[in-house]
Amino acid sequence: MGKRNVRARRAINIVRETVKRHFNAERVVLDPLLNQFVSTNGREKIQEKITIVVTKLEEKTFLVRLVIKSE
């Protein structure tokens with residue numbers, strides 16, 4: 001969890017580093033909606049779990065988006 005005022009930033013960095021590690025990416029582009037969803041409850045009370053989709057844009061460049069479920 002870490003300090004309360006950096007939880008949202010740390011969560012976004014964890015997503016970015018995980019995508020870099022698993023997809024051997026040099027550049028990771030994050031959708032602004034993903035950042036907004038992580039900090040929906042504020043930057044101190046972040047979402048516990050998120051589901052993402054990773055799309056390849058170019059060689060070693062990936063786009064990370066939030067999965068939007070329709071019920």
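Visitor: Which residues does I12 touch, leaving out those up to four places away in sequence?
Guide: Contact means heavy atoms within 4.5 Å. On that basis I12 touches L30, N35 and V38. This is a predicted model: local features need pLDDT of at least 70, side-chain atom pairs count only at pLDDT 80 or more, and totals for chains, interfaces and linings use all residues. Residues are numbered from 1 along each chain as its sequence is written, and side-chain values use heavy atoms, with hydrogens and water left out.

Visitor: Which residues make up the largest nonpolar core?
Guide: In soluble globular proteins, nonpolar side chains tend to be buried together. A nonpolar core is a set of buried Ala, Val, Leu, Ile, Met, Phe, Trp, Tyr and Cys residues joined through side-chain atoms within 4.5 Å. Buried means under 20% relative accessible area, exposed over 50%, partly exposed in between (1.4 Å probe, protein chains only). Here the largest core has twelve residues: A11, I12, V15, V19, A25, V28, L30, L34, V38, F62, V64 and L66. At least two residues come from each of α1, β1 (27-30), α2 (32-38) and β3. Helix α1 gives the largest share, four residues. Helices (H or I, at least four residues) and strands (E, at least two) are DSSP runs, numbered from the N terminus.

Visitor: How many aromatic pairs does the structure hold?
Guide: A pair of aromatic rings is described by the distance of the centres and the angle of the planes. Rings of Phe, Tyr and Trp (its six-membered ring) pair if their centres lie within 6.5 Å; planes under 30 degrees apart count as stacked, over 60 as edge-to-face and the rest as tilted. There is one pair here. The ring centres of F23 and F62 are 5.3 Å apart and the planes stand at 40°, so the pair is tilted. It links distant parts of the chain: F23 sits in helix α1 (residues 7-23) and F62 in strand β3 (residues 61-66), 39 residues apart.

Visitor: Is F62 buried or exposed?
Guide: F62 is buried, at 8% relative accessibility. F23 is partly exposed, at 39%.
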